[in-house]
Amino acid sequence: MPSAPSKARRWPRPLRYLHHYTIASFALLVASGLALYLPAIHRFMIPYIPLVYRLHILLGLVFAVTLLVPFVRVLPKGRRISKWDWTLPVLFGSPIVATGIMLWWVSAFPSGMRSRAFTWHGWLTACLGTWILIHAFLKVIGIRPRSRLLYERVDWERRRFLVSLATGALGALVLTAVDPAAWLRSLRSASRAGSAGPPPGVQTFPAYYTVVNGYPEIDVARYRLVVDGEVEHPLSLTYAELQSLAAVHETQNFQCVTGWSVPNVRWKGVHLSQLALLAKPRSSVQYVHFYSGDGVYTECLRLAEAFDPTVLLAYEMDSAPLLREQGYPLRLVVPKMYGYKSIKWVVRVSFSAEPITGYWEHFGYPAEAYFGSR
């Protein structure tokens with residue numbers, strides 16, 4: 001009669017619970033990540049995005065801890081387990097954590113790395129999520145693959161764990177620094193040649209958010225930019241008149257408050273000082289208000305912020321007219337602040353002695369949204 005396994009050969013109960021909790025925390029990570037990213041969900045979650053963002057970070061930290069605990073604690077000897085049951089979660093989980101940290105610490109990593117980190121953060125999450133679903137399905141129906149490659153049982157040693165962890169973390173650095181997926185994007189761009197979408201050379205953003213249902217359609221032939229408020233000469237400028245003003249060019253990174261970034265975006269447009277020369281704001285003016293053609297979106301900058309040399313009202317991006325979802329025909333660009341301050345579809349600029357509460361600020365977002373201010 002076989003003897004009962006000794007306690008020394010059994011996985012400690014906390015580690016068995018930890019294995020399941022890792023899966024649960026990952027599922028919650030995916031759900032909160034989708035709420036932050038998908039525009040269809042994002043619009044309805046606007047009042048709660050700061051909370052969801054903090055929850056996502058907390059879940060990410062918990063997920064990181066669950067990956068590390070087996071290394072910190074002495075693992076049981078002689079308990080042979082399926083190699084891939086731990087290898088794949090560690091191999092994919094460690095770069096997910098690493099790319100998540102890159103998105104979280106905005107000022108610590110170059111924009112180019114953070115841009116690629118966002119892409120790989122999503123793809124690696126999809127890969128790990130697929131494995132977890134397959135793993136759970138096989139467990140539920142009781143199938144044990146005969147393949148030695150898939151189901152080889154090994155003694156899980158710290159050295160093996162450390163190799164998987166280091167490989168995943170190093171892989172994250174390679175993916176974000178070298179970007180081996182660049183050729184995939186070039187192939188996708190080539191396949192879309194002649195189809196609807198951004199012209200060649202125009203960068204695409206990971207997501208185009210709107211605070212209403214869809215993107216406003218603005219007829220450029222009827223478009224007017226109203227410049228009013230406490231000014232001597234209110235203005236109503238056509239699109240052609242805007243383009244006839246002295247143009248400014250800025251190449252700046254664009255940073256979204258939800259983590260993703262786009263490096264070296266080339267903007268062309270009009271500096272606010274050009275409008276001030278024409279409208280002549282009164283000495284009492286301390287703020288500039290901005291209103292969107294969607295009828296809902298508003299923003300406000302202090303006068304000094306609006307007149308920053310990098311701030312402009314843009315009508316071109318990467319040497320092409322703005323896309324409709326990008327704010328056509330005119331959008332504000334505030335490169336030193338998070339993207340929600342760069343209001344799209346601008347139809348009115350108003351100089352005032354008093355501030356207004358912008359759309360996003362109404363839901364608790366900071367008015368002075370400099371990077372790291374959240």
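Helices (H or I, at least four residues) and strands (E, at least two) are taken here as DSSP runs, numbered from the N terminus. Counted in this way, the chain of this predicted model has 11 helices and 12 strands. Of its 374 residues, 45% are buried, and the chain exposes about 19200 Å², of which carbon and sulfur atoms supply 63%. Among contacts between residues at least 6 apart in sequence, 74% join residues at least 24 apart.

In soluble globular proteins, nonpolar side chains tend to be buried together. Here the largest nonpolar core has 48 residues, and those with the most contacts inside it are Leu225, Leu272, Phe290, Leu313, Leu332 and Val349. A second, separate core of 23 residues includes Val202, Tyr208, Trp267 and Leu322.

An α-helix has 3.6 residues a turn, so residues three or four places apart point the same way. Just after α10, lysine 280 takes a positive phi of about 55°.

The charged side chains form 10 salt bridges in the whole structure. In one of them, arginine 282 meets glutamate 232 at 3.6 Å, N to O; arginine 282 lies in the loop between α10 and β7 (287-292) and glutamate 232 in the loop between β3 (225-229) and β4 (235-237), so the pair ties together parts that are 50 residues apart in sequence. Arginine 266 and aspartate 318 meet in another, at 3.7 Å, N to O, and this pair links strand β6 (residues 261-270), which holds arginine 266, to the loop between β9 (312-317) and β10 (320-321), which holds aspartate 318, 52 residues apart. Arginine 266 is partly exposed, with a relative accessible area of 36%, whereas aspartate 318 is buried, at 5%.

What forms a nonpolar patch on the surface? Leu34, Tyr37, Leu38 and Ile41 do, with about 290 Å² of accessible area together. Tyrosine 37 lies in helix α1 (residues 13-37), and it counts as partly exposed because its relative accessibility is 32%.

How values were computed. Residues numbered from 1 in each chain as written. Predicted model: local features only at pLDDT ≥ 70, side-chain atom pairs only at ≥ 80, totals over all residues. Heavy atoms only, no water. Patch = residues over 30% accessible without salt bridge, like charges linked within 9 Å, V, L, I, M, F, W, Y side chains within 5 Å. Areas by Shrake-Rupley, 256 points an atom, 1.4 Å probe, with all protein chains shown as cover. Salt bridge = Lys/Arg side-chain N within 4 Å of Asp/Glu carboxyl O. Buried < 20%, exposed > 50% of the residue type's maximum accessible area, 1.4 Å probe, protein only. Core = buried A, V, L, I, M, F, W, Y, C linked by side-chain atoms within 4.5 Å. Contact = heavy atoms within 4.5 Å.
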